[in-house]
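Good morning. Please have a look at the structure on the screen, and then I will go through a few parts of it.

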Amino acid sequence: MVQNRQSGSSRTKRSYVPLADVVVGDERNSQVELSGFPWNIKSTLNALKATRDEDICLRGIQSLRIQVQLASLYIPPGKVESESDLKSPPSIRNRIQSSALDGARNLCGFLMAASPPLSELSAIWEIQSTVKDLQILPHLLLLYSELIRLDPSQFSDVSVSPLTSSNPQSLSTLLSTCQLNLTNFWISHRRIKQLYFCLSSGNRVLANAALYLLTGLAEHSVSATRDLVSAFDFSLSALGILCRPPKQRSEAHGKTKIRLASTTPTENGVKGKRRAAE
């Protein structure tokens, strides 16, 4: 059952620490420190590594999500803009494109600085799959989803050069490698079983984030779809519950708890059905 650390009926509000105030203790990635960008890559990495400090860790996840979301808005040169985009004034479109390019470059710098399989994120997941913090888990799943859903070909002209090297690193190449690692990370029986908890938690935000990740994996490639179909249990009862409207869903979730209680032996050997009825 989901454990949500609460004080009384409402959860204690967190006070977030600005990333600029986070002390960077690991200087091993200093060679890819970028100049000219207000987003601090090393501070974000340091925040993601603070897995035991949930406030700072959540702040790092949210900061990286912003850059990924900005990058998703990038329109490569020569691509025809959609009709909805053309309805916006040119000044607004230019500002969005400029912010999107900054986000793409920041993401490129982050992938250069982070470990190749993004072990910073996997370390958070391994802890949160046990701790089950209902603020961190949805953001983390959505970050994974948004990274997997990016189109590497969209960034073929985006590259960043480390300060100590004149060889630019292509975001398209870095992102392709990153997505391959992420799909391999998630499409395994152990991780899929961990997602079953999210789908069965009774928390709509967490369940929707898990569904978004699963659909992103299915859309990524033919091989990812095939592997996901082989690993996922489509007879999971939580899927049927999630298809119902919220009110019916909560009632069905409650009935599931009662049914589980009715089959639980008590200390004196009597079925828990009598206790549940009481």
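I start with Ile 92, which is found in helix α4; helices here are DSSP runs of H or I with at least four residues, strands are runs of E with at least two, and both are numbered from the N terminus. This is a predicted model, where local features need pLDDT of at least 70 and side-chain atom pairs count only at pLDDT 80 or more, while totals for chains, interfaces and linings use all residues. Residues are numbered from 1 along each chain as its sequence is written, and side-chain values use heavy atoms, with hydrogens and water left out.

Together with Leu 73 and Ile 96, Ile 92 makes a nonpolar surface patch of about 250 Å².

Next, the whole protein. There are 13 helices and two strands. The protein has 278 residues, and 41% of them count as buried.

Now helix α6, residues 136-149. α6 has 14 residues and reaches 20 Å from its first C-alpha to its last, close to the 20 Å expected at 1.5 Å a residue; that expected span is 1.5 Å times one less than the number of residues. How many residues of α6 are buried? Eleven of the 14 are, so the helix is mostly covered. Among them are Leu 140, Tyr 144 and Ile 148. In general, an α-helix has 3.6 residues a turn, so residues three or four places apart point the same way. The buried residues of α6 pack against α2, α4, α5, α7, α8 and α9.

Ser 122 is buried because its relative accessible area is 16%. Which residues does Ser 122 touch, leaving aside neighbours within four places in sequence? They are Tyr 144 and Phe 185, where contact means heavy atoms within 4.5 Å. A polar atom of the Ser 122 side chain also lies 3.0 Å from the backbone oxygen of Ser 119.

Last, Gly 202, in the loop between α8 and α9. Gly 202 counts as exposed, because its relative accessibility is 51%.

Note on methods: Buried means under 20% relative accessible area, exposed over 50%, partly exposed in between (1.4 Å probe, protein chains only). A polar contact is a pair of N or O atoms within 3.5 Å; within protein, one must be able to donate a hydrogen and the other to accept it, and residues adjacent in sequence count only if both atoms are side-chain atoms. Patches are made of residues with over 30% relative accessible area and no salt bridge: like charges are joined within 9 Å, nonpolar side chains (Val, Leu, Ile, Met, Phe, Trp, Tyr) within 5 Å. Accessible areas come from the Shrake-Rupley method with a 1.4 Å probe; for residues, only the protein chains shown count as cover. A salt bridge is a side-chain nitrogen of Lys or Arg within 4 Å of a carboxyl oxygen of Asp or Glu.
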